[in-house]
Amino acid sequence: ALARQIEAGAPADLYLSASSAWMDYLQARGYVDSTTRLDLLGNHLVIVAPRGEGFALAVDAGTDIGSAFPGRLAVGDPDHVPAGVYAQQALQALGWWSVLIDRLAPASDVRGAVAWVARGECAAGIAYATDVISTPGIELVATFADSLHAPIRYPAALVAGRISDASRRRLDTLRSPAARAVFRRHGFITLTAPE
């Protein structure tokens, strides 16, 4: 939605996205300044369960995922949610996709998927490591190997035609040691060091 708003002329100075694909979309159309683009943050993909209802799970192709947990698996909708895209990639790489596809509960965003797990509406979910830190009603079950899906990156760039000293300072602030410490405290992987 944010990328489409920028494309439609929204008065934004800086675009920070959870999707490299949407940043690529804007960059290909000249809506962001490619010279300012950077991968600011990263994350890990994890399996979560309602707090107190975790289960043992080995994240490998030999695991009988169909009997690992009862009920549904909450995910961001793989058709348009970045976390869902990563989830589908990881599940396919493990050979779990065909086993779980009929048990998926696709949400409009990863926060919705996490909420379903926190309320006990789904027995498990796929989320980001940062969601485990920010959501008290869930617990970590397992972490997917980063090699099972495309890299999880949060790119940032200045919006073309709106670049100013103030917007450059905002981008620099996101790369500062203080901001990096805050991001790490909330579970993000900081990728770009301050200049």
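**Close-up 1. T63 sits in the loop between strand 3 and strand 4.** This is a predicted model, in which local features need pLDDT of at least 70 and side-chain atom pairs count only at pLDDT 80 or more, while totals for chains, interfaces and linings use all residues. Residues are numbered from 1 along each chain as its sequence is written, and side-chain values use heavy atoms, with hydrogens and water left out. Helices (H or I, at least four residues) and strands (E, at least two) are DSSP runs, numbered from the N terminus. T63 has 18% relative accessibility, so T63 counts as buried. Buried here means under 20% relative accessible area, exposed means over 50%, and partly exposed lies in between (1.4 Å probe, protein chains only). Setting aside neighbours within four places in sequence, T63 is in contact with L57, A58 and W96; contact means heavy atoms within 4.5 Å.

**Close-up 2. Five strands make an open sheet in the order 5-4-6-3-7, with mixed pairing.** Two strands pair if DSSP finds at least two bridges between them. At the edges are strand 5 (104-107) and strand 7 (138-143), each pairing on one side only. On average, neighbouring strands of this sheet are turned by 35° against each other, direction ignored. For such angles, axes are lines fitted to C-alpha atoms, for helices over the stretch in contact, and values run from 0 to 180 degrees between N-to-C directions. Strand 4 (residues 73-76) and strand 5 run parallel, joined by four bridges, and V75 has P106 as its bridge partner in strand 5. Helix 3 (residues 82-94) packs on the sheet, where it touches strand 3 (45-50), strand 4 and strand 6 (124-128). The direction of helix 3 makes about 115° with that of strand 6. Helix 5 (residues 110-118) lies across strand 3, strand 4, strand 5, strand 6 and strand 7, and runs at about 140° to strand 6.

Close-up 3. Let's look at strand 8 (residues 153-158): five of its six residues are buried, so strand 8 is largely enclosed by the rest of the structure. Strand 1 (residues 14-16) pairs with strand 8 in the antiparallel sense over three bridges, and L14 has L158 as its bridge partner there. Strand 2 also runs antiparallel to strand 8, with four bridges joining them; D39 stands opposite P155 in strand 8.

**Close-up 4. Helix 8 (residues 177-185) has A179, R180 and F183 buried.** Seen down the helix axis, the buried residues fall within an arc of 100°, so they line one face of helix 8. The arc is that of the directions from the helix axis to the C-beta atoms. A handy reminder: an α-helix has 3.6 residues a turn, so residues three or four places apart point the same way. The face of helix 8 turned away from its buried side carries the exposed residues P177, A178 and R185. Covering the buried residues are elements including strand 2 (38-42), helix 7 (165-174) and strand 9 (189-190). Just after helix 8, G187 adopts a positive phi of about 95°.
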